[in-house]
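I am opening a notebook on this protein. The entries below record what I looked up, element by element.

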Amino acid sequence: MSKQTYKVCFCCRRRFKMAVAEAPQEIKTLFRKYSENGMMSAVHLQRFLVQEQKDEKATVEDAQAMIDSIRHLVVFHKSGINLEGFFKYLFGDLNPPLSPKLGIFLGMGVSDLCVLWEEMRRMRLKRVWPRIMAKPTGAPWRIEFGPLNPTHAVHQDMTAPLSHYFIYTGHNSYLTGNQLTSDCSEIPIIYALEKGVRVIELDIWPNSSKDNVHVLHGGTMTSPVEFIKCLRAIKEHAFSASEYPVVITLEDHLTPDLQAKAAEMITQTFEETLFLPDTECFNEFPSPESLKRRVMISTKPPQEYSKAKDVKNDEPQRGGKDSGDEEAWGKEVPDLKHSSGAEKHDLDNENDNEEEDEDEAKKIEAPEYKRLIAIHAGKPKGSLREALKGYPDKVRRLSLSEQQLEKAALHHGKDLVRFTQRNILRIYPKGTRITSSNYNPLLAWMHGAQMVAFNMQGHGRSLWLMQGMFRANGGCGYVKKPEFLLQTGPRGEVFDPKVTLPVKRTLKVTVYMGEGWYYDFPKTHFDQYSPPDFYVRVGIAGVPADTIMKKTKTLEDNWLPAWNEEFEFPLTVPELALLRIEVHEYDMSEKDDFGGQTCLPAWELSEGIRSVPLYSAEGVKYKSVKLLMRFQFVSP
C-alpha cells in the first residue's frame, strides 16, 4: 500500500504515495513527557491518564491492564509500550469519546474492563457485549455474553417521575418510508426498539371488513399491517437495547367493539409485562426505575368512532412542500434564531384535533380498553394557555405539532417549561413532511418537552441530533432533563428559554487526524482519478447562543488526513449542547461527498485525546472510519 494508481484514460495513469498512519506531533511530545528511554511503563501511563485524560481514579493496575490489552498489536516490551503502542492505544476502541466512568461497564474498574476486552478479542466477539453480573469483592467477574445491552452504562438517577426525562420517541413507527405511499410493517418498529427508542406510535383502524384491527396511516395510500403483528414485535424486541419502559402511544380510530378486541390483544400479548395503573389518573408519574421491563399504553380516552375516518391533524398535506431533508444527508438543521421570530399568532383560538375533549370521549367507551391507559392524552376545553396550566391533582400528556410549538414558544415559553415539570409534552412533525423528514429538536428540549417524536426512517442531520442526545445515559432511551428545567423559584418563577445566559464553560476541540476510509470505501468512491480531499465540519447544536458550525482546511489527495486544527466553543447551556462532527470530501464540480458523522452529548464527553468512531448517514457505525480528537473544558 505504498503507492496507489488511478486510471485517468486508456493510456494515462496517476500514481500517489500512500501515507502511513503516524502519531501527530502533539502526541509525540506527550509520549516524550510521560516516558523514559523511549518506553512508557505502567507508572508513566497512569500519570498520563490522570494528568492529561483527567481520569483521576486511574491506578497503576489499570494502566498495566491497558498495556496488556494492546500487546497483540505491537512489538511487546517487558518494560512497557513504545510510541507506536501508545498511538495505537489512543486511536483504539479502548479510548472512546464518552466518559468510561459513565460508560458501558458501570461499576468495573479499568483493569477489569481491559481484561474483559482481551477475552472478547480472544473469543473474536464483535457485535456482542458482556453482561456483567454482580460479584463479591475479590471474586472473579461472572460474565455472560449476549446482544448489545447498553443499560449497563446508565448512570443518572432513574427514580424521578417520567416527566423529568427526555424520552427517545418515534413518530408513525410502523412506516417503512414516506408518509403517503410506503408500506406499513412491524420491521421499522423492531429497528427502532433495537436502536433504543422507547416510545412507539401506532395508528389503529378497523380493517375493511370491520372485524379486526389494522395499523396504517389514515387517509393515505399506505398499505396496512395487522395490529397483532406490531404488538408481537414490540413484545419480542422491547428490551433488546434497554430495560427501561416502552410506551405505546395509540392513535385510536376504532369502534367500541374493536376497542374491546384491541384491549384483549394487548392484554394477552404482554401479559405480566403490561403496566396497569391502579387509578384512572396519576397525581405524579411513576419513575423509569419502577417501570423496568414494563410496557405502558398512552392514548386519549375512547371516543366515538367516525365512519368518515377523520384523519389526525398531522396527516401529510399533499399541496405543501416538504421542508425536510432534500440532499443525500439532509439540509442544515434549521436555525432556532429564525424560528423564534415566527409571526404572532392567536393560539388561544387554535384547536389541536389530535387531542379530543375528554368529557365527550368518556360517553362512548370500552371499559376494558380504558383501564389499559396509563398515560392519559387529551385536551381540555379552552385555549392552549389554559391547557398549559395543567391540573393540581393529576398529570397527563399533551401533543403539539412542530408549528404549534414554535408559536407557543414565542408567546408561552415559560408556561411550556412549567407544564413539562409535571406533565408530558409530545411534539410531532408537521403534515408537509411527506418524505418522513424531521425538524430541529432543540426548541422542544429547551422548553422541557419529553417526547420529541421523530420519523426514524427519515435520515438526515436532524435525526443525527436525536441520536446524539440519546447516546447519553448509556443509550437507555431516557435522559434526565437539566435541573434548571425542573426548578421552581419561591415565587413560582421558572427558566426562561428566551434569556441569553453568560458563558458557563468553553469547549476546546482539536481535530488531529482521521483514518479508515481506505478500508470501508471503494478506491474510487470519492474521486474517480485521485485519493479523496477530506475536510471536517465541527460545531455545536444547542440553544441559539451556542449553535455554530466551523470547518477545517481541505487536505488534498490523502486517505490519512492530518488537520491538526483547534476550535473553541463557548457554551451558555452546556447541559443541552450536542457536539456535531461531520467529514466531507470536497468536489469542485459537484456536491461534496459524505464521509461520516457523529453527534455526542457535550456534558458526557471525556476530556483528553480520544478516538471518535464515525457513522453513516443512516446512523450505522463504520467498521474502521474514526477521528483522533482532543476535548478540553475551560471555565470562564
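**Entry 1: terms and totals**

I take helices (H or I, at least four residues) and strands (E, at least two) as DSSP runs, numbered from the N terminus. On that basis I count 16 helices and 23 strands in the protein.

I am working on a predicted model, where local features need pLDDT of at least 70, side-chain atom pairs count only at pLDDT 80 or more, and totals for chains, interfaces and linings use all residues. Residues are numbered from 1 along each chain as its sequence is written, and side-chain values use heavy atoms, with hydrogens and water left out.

For burial I use relative accessible area: buried is under 20%, exposed is over 50%, and partly exposed is in between (1.4 Å probe, protein chains only). Of the 636 residues of the protein, 57% count as buried. A contact means heavy atoms within 4.5 Å. Among contacts between residues at least 6 apart in sequence, 73% join residues at least 24 apart.

**Entry 2: helices 1, 2 and 4**

I began with helix 2 (residues 42-51), where Ala42, His44, Leu45, Gln46, Phe48 and Leu49 are buried. I then asked what covers the buried residues of helix 2. The cover includes helix 1 (25-33), helix 3 (60-69) and helix 4 (83-90).

Two packed helices are described by the angle between their axes and the distance between the axes. The axes are lines fitted to C-alpha atoms, for helices over the stretch in contact, and angles run from 0 to 180 degrees between N-to-C directions. Helix 1 and helix 4 pack at an angle of about 120°, with their axes 10 Å apart. That makes helix 1 oblique to helix 4; angles under 35 degrees count as roughly parallel, over 145 as roughly antiparallel, 65 to 115 as roughly perpendicular and the rest as oblique.

The crossing of helix 1 and helix 4 is right-handed. A crossing is right-handed if the near helix is turned clockwise from the far one by less than a right angle, and left-handed if anticlockwise. From helix 1, Ile27, Lys28 and Phe31 meet Leu83, Phe86, Phe87 and Leu90 of helix 4. I sorted the residues of this contact into six nonpolar, no polar and one charged. Here Ala, Val, Leu, Ile, Met, Phe, Trp, Tyr, Cys and Pro count as nonpolar, Asp, Glu, Lys and Arg as charged, and the others, Gly among them, as polar.

**Entry 3: helices 7 and 8**

At what angle do the axes of helix 7 (residues 227-237) and helix 8 (residues 256-270) cross? They come within 10 Å and cross at roughly 25°. That makes helix 7 roughly parallel to helix 8. The crossing is right-handed.

On the helix 7 side I list Phe227, Ile228, Leu231, Arg232, Ile234 and Lys235, and on the helix 8 side Ala262, Met265, Ile266, Thr269 and Phe270. The residues of this contact divide into eight nonpolar, one polar and two charged.

**Entry 4: strand 10**

Five of the five residues of strand 10 (residues 295-299) are buried, so strand 10 is largely enclosed by the rest of the structure. In a regular strand the side chains alternate between the two faces of the sheet. I find Val295, Ile297 and Thr299 on one side of strand 10, Met296 and Ser298 on the other, and all are buried.

For pairing I require that DSSP finds at least two bridges between two strands. Strand 9 (residues 246-252) and strand 10 run parallel and are joined by four bridges. In strand 10, Ser298 is the bridge partner of Thr249.

**Entry 5: strand 20**

Eight of the eight residues of strand 20 (residues 578-585) are buried, so the rest of the structure largely encloses it. Leu578, Arg580, Glu582 and His584 point one way, and Leu579, Ile581, Val583 and Glu585 the other.

Strand 17 (residues 534-541) runs antiparallel to strand 20, with eight bridges joining them. In this pair Val536 stands opposite Val583. Eight bridges also join strand 20 to strand 21 (residues 593-601), again antiparallel. There Leu578 stands opposite Pro601.

**Entry 6: two single residues**

Not counting residues up to four places away in sequence, Glu402 touches Ile427, Tyr428, Pro429, Lys430, Arg433 and Tyr439.

Val452 sits in strand 14 (residues 451-454) and counts as buried at 1% relative accessibility. Leaving aside neighbours within four places in sequence, I find Val452 in contact with Ile167, Thr169, Ile427, Tyr439, Pro441, Ala444, Trp445 and Met466.
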